[in-house]
Amino acid sequence: MKRIGFLLLALAILAGIVAYIPQASAQSDGDAAPIYGVKIPAGYRDWKVIAVANFLIPGKTDQIRAQVGNDIAIKAYQEGTLPFPDGSIIAAIHWNRVASESNNKVLAGPFSGAQSFVVESRMNVQFMVKDSKKYAESGGWGFADFTGTKPGDKALHETCFPCHEPAKDHDYVFTRYAP
């Protein structure tokens, strides 16, 4: 009887370990970005919103961007913690922005001349992963840029840290927490 109890306990522990392993890495099984090895984090689309922005380069880019963070990053934002603690992950989801004819028709009555814009297609998603030891040479952050599930090339990823260097005083993070 004791052997059966011990066997059941061992099986329960093994099942718990197997169930925990996919959560421990918090990254998908997809391709890793070059240089930093960052993968698309599992469940990032369910993270809390940090901020939303419109990004416009006339004639080139017209995007709506949402920055979301995992629980560690959100807590750091809410508490004003800098530098961000290891384990913080920030995602920037970029969509093309287009006028919404259906919304504009509705708005035309009460708000003459009003325009509504919505997301059309997702362009890319970018990630910053904080690990101060692993990414010591890039301010403690690993970077990734994906179009769909495919990471950008090495040349693209070589531009990540230099782009974030002007935000050094805010731990290399541009985005501020929206009230």
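**Strands, core and salt bridges**

Modeller: E2 and E3 run antiparallel and are joined by seven bridges. Keep in mind that this is a predicted model.

Colleague: What makes E2 and E3 a pair?

Modeller: The cut-off is at least two bridges between the strands. E2 and E3 have seven, so they count as paired. Along the way, Gln-63 stands opposite Asn-96 in E3. Gly-69 stands opposite Ile-90, again in E3.

Colleague: How do you know that E3 and E4 pair?

Modeller: By the same cut-off of at least two bridges. E3 and E4 have ten, in the antiparallel sense. Ile-89 stands opposite Val-129 in E4.

Colleague: What is the order of the strands in the open sheet?

Modeller: It is E1-E2-E3-E4-E5-E6, six strands with antiparallel pairing.

Colleague: Why are E1 and E6 called edge strands?

Modeller: E1 and E6 each pair on one side only.

Colleague: How does H2 lie relative to the strands?

Modeller: H2 lies across E1, E2 and E3. Against E1 it runs at about 85°.

Colleague: Why is E3 said to be largely enclosed?

Modeller: Eight of its eleven residues are buried, so the rest of the structure largely encloses E3. Buried here means under 20% relative accessible area.

Colleague: Which residues touch the most other members of the largest nonpolar core?

Modeller: Tyr-44, Ile-90, Phe-127 and Trp-141, out of 33 residues in that core. E1, E2, helix H2 (71-79), E3, E4, strand E5 (141-147) and H5 each supply at least two. E3 gives the most, with five residues.

Colleague: What does Phe-127 contact, leaving aside its neighbours within four places in sequence?

Modeller: Among its contacts are Val-38, Ile-40, Pro-41 and Tyr-44. Others include Ile-89, Ile-90, Phe-143 and Phe-146.

Colleague: How many salt bridges does the rule give?

Modeller: Three. Take Lys-150 and Asp-31, whose side chains meet at 3.2 Å, N to O. Lys-150 is in strand E6 (residues 150-151), and Asp-31 is in the loop between helix H1 (2-25) and strand E1 (48-57). They sit 119 residues apart in the chain.

Colleague: Why is that contact between Lys-150 and Asp-31 called a salt bridge?

Modeller: The cut-off is within 4 Å, from a Lys or Arg side-chain nitrogen to an Asp or Glu carboxyl oxygen. At 3.2 Å, the pair passes, so the name applies.

Colleague: Why is Lys-150 called exposed?

Modeller: Its relative accessible area is 52%. Exposed means over 50%, so Lys-150 qualifies. Asp-31, at 37%, is partly exposed.

Colleague: What makes Asp-62 and Arg-97 a salt bridge?

Modeller: Their closest N and O atoms are 2.8 Å apart. That is within 4 Å, so the pair counts. Asp-62 lies in strand E2 (residues 61-69) and Arg-97 in strand E3 (residues 89-99), so the bridge ties together parts 35 residues apart in sequence. Asp-62 is partly exposed at 25%. Arg-97 is partly exposed too, at 21%.

Colleague: How do you know that Asp-171 and Lys-130 form a salt bridge?

Modeller: Their side chains meet at 2.7 Å, N to O. The limit is 4 Å, so this is a salt bridge. Asp-171 is in the segment after helix H5 (160-164), Lys-130 in strand E4 (residues 117-130), 41 residues apart.

Colleague: Are Asp-171 and Lys-130 buried or exposed?

Modeller: Both Asp-171 and Lys-130 are buried.

Notes. Residues numbered from 1 in each chain as written. Predicted model: local features only at pLDDT ≥ 70, side-chain atom pairs only at ≥ 80, totals over all residues. Heavy atoms only, no water. Helix = DSSP H or I, 4+ residues; strand = E, 2+ residues; numbered from the N terminus. Buried < 20%, exposed > 50% of the residue type's maximum accessible area, 1.4 Å probe, protein only. Core = buried A, V, L, I, M, F, W, Y, C linked by side-chain atoms within 4.5 Å. Contact = heavy atoms within 4.5 Å. Axes fitted to C-alpha atoms, helices over the stretch in contact; angles between N-to-C directions.
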